[in-house]
Amino acid sequence: MAAAMRVAVAGARLSVVLRSLRGAGRSLCTQPVSVNERIENKRQAALLGGGQRRIDAQHKRGKLTARERISLLLDPGSFVESDMFVEHRCADFGMAADKNKFPGDSVVTGRGRINGRLVYVFSQDFTVFGGSLSGAHAQKICKIMDQALTVGAPVIGLNDSGGARIQEGVESLAGYADIFLDTSYLFITGPDVVKSVTNEDVTQEELGGARTHTTMSGVAHRAFENDVDALCNLREFFNYLPLSNQDPAPVLECHDPSDRLVPELDTIVPLESTKAYNMVDIIHAVVDEREFFEIMPNYAKNIIVGFARMNGRTVGIVGNQPKVASGCLDINSSVKGARFVRFCDSFNIPLITFVDVPGFLPGTAQEYGGIIRHGAKLLYAFAEATVPKVTVITRKAYGGAYDVMSSKHLCGDTNYAWPTAEIAVMGAKGAVEIIFKGHENVEAAQAEYIEKFANPFPAAVRGFVDDIIQPSSTRARICCDLDVLASKKVQRPWRKHANIPL
């Protein structure tokens, strides 16, 4: 009897244990399903950003969403997202409510490839709090920047933000410090603040629109009709650049013969020295496949800068534009050129310079604005650059502006002059008015000056140009020089940093 009771008790206990185990087993089996569902729900929420209604509003403005931009920019299927589940940490002003929590916050970050080359990317999501920058937002951007630095890859930022997130106060400002056409605007303070402080009435477009920053301020380098056009051009631009300053620029297979002659260049410079021509035509004729990616085409148009290829190699192009202000250098063009030259030198991109410059632009506005200081920036940039430097003087090279434009005196590696080149202190007319002031036969004096100085020989006999070449041979000569200079190495004394005349 006792034994039977012990068996019954043991059986009861075993039954309880089994039921417990079954319950635990069911719990263990169902728990992963629940977590997986939550993960999937969060992913779907992150993909929707601020929701379908805000996505539709973004499309109505003619703008793509953050994820659509990334999808268009990167190679198909190459994007690997990071920090999709990150949410903001603000609890003030009702921000802790579930309706104000969005997985990924207001920026999409990760890595991918453009034409097979690694790149890190962040794309601000305007559908989530207007793309405003929070502490979490900044943290995500800083993380991919650190990762990119570790592996030596570039970072592309697609900005679409209303600024710092007001609800987070100083934390969002700290985030900025850590990072630091009719649809985009860029300004420090908006029109309302400007109105309250200075009493100026100004629209968003006038204050910080694409036209303002690409033609007047120089803050933006290019403007495009829409997101698709911008991102397609960004992919093209990326192909010219190395992944980091430790890597060489990509070399593409070239089907344009490096020794190709360009007969049209022999007649492109007008016989009249005062007649303008388009320097872009010369650039197109010389570079591979006539492909030239111009930078800042609508700002300081009297100087041209951009990227091209010579025999498949990326090169930086700088050239005076005789069609605008006769190609004179002024404050804006000097700064534009200096910034581009330093960029190319930073990433080991050779420089080709086409010179037709009658001097610096005269006038009180330029003098009061500091043309001497700003002009010195371009001189400094060329002098400091250690990349291969090839210079071609097509026509005028007068005065100090001649020195500034990658002359032999600034350590130019190869300097050529066309037969039409005029290398002198100034133009014949101005020089004669000074030298022969009060002289009776001014025309004869001017002819004498032209005979002596308005040609490339005075510079050639002094070694300031390496050769006087036929314009049609320009491409062949430059390609040959770049082959020789590919192994160029320049050792400079150690210094903490350069002291460019800012």
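This is a predicted model: local features need pLDDT of at least 70, side-chain atom pairs count only at pLDDT 80 or more; totals for chains, interfaces and linings use all residues.

User: How many charged residues does the lining of the largest cavity have?

Analyst: Arg 67, Glu 81, Asp 105, Asp 125 and Lys 140 are among the lining residues, and Asp, Glu, Lys and Arg count as charged. The lining also has 5 nonpolar and 2 polar residues. That leaves the charged class, with 5.

User: How much space lies in the second largest cavity?

Analyst: Its lining includes Val 355, Tyr 402, Met 405 and Lys 408. By class, that lining has 6 nonpolar, 3 polar and 1 charged residues. The space in the second largest cavity comes to about 40 Å³.

User: Is Asn 320 buried or exposed?

Analyst: Asn 320 sits in strand β7, which covers residues 313-320. Buried means under 20% relative accessible area. Asn 320 has a relative accessible area of 0%, so Asn 320 is buried.

User: Which residue has its backbone nitrogen 3.1 Å from a polar atom of the Asn 320 side chain?

Analyst: Asn 320 touches Met 279, Phe 354, Val 355, Asp 356 and Met 405, among others. The backbone nitrogen at 3.1 Å from the Asn 320 side chain belongs to Asp 356.

Technical notes
Residues are numbered from 1 along each chain as its sequence is written. Side-chain values use heavy atoms; hydrogens and water are left out. On a 1 Å grid over the protein atoms alone, a cavity is a set of points where a 1.4 Å probe fits but cannot get out, and a pocket is an open set with protein on both sides within 12 Å along at least five of seven lines; lining residues have an atom within 4 Å of a point. Grid points are joined across faces, edges and corners, and a volume is the space filled by probe spheres set on the points. Helices (H or I, at least four residues) and strands (E, at least two) are DSSP runs, numbered from the N terminus. Buried means under 20% relative accessible area, exposed over 50%, partly exposed in between (1.4 Å probe, protein chains only). A polar contact is a pair of N or O atoms within 3.5 Å; within protein, one must be able to donate a hydrogen and the other to accept it, and residues adjacent in sequence count only if both atoms are side-chain atoms. Contact means heavy atoms within 4.5 Å. Lists of a residue's contacts leave out its neighbours within four places in sequence.
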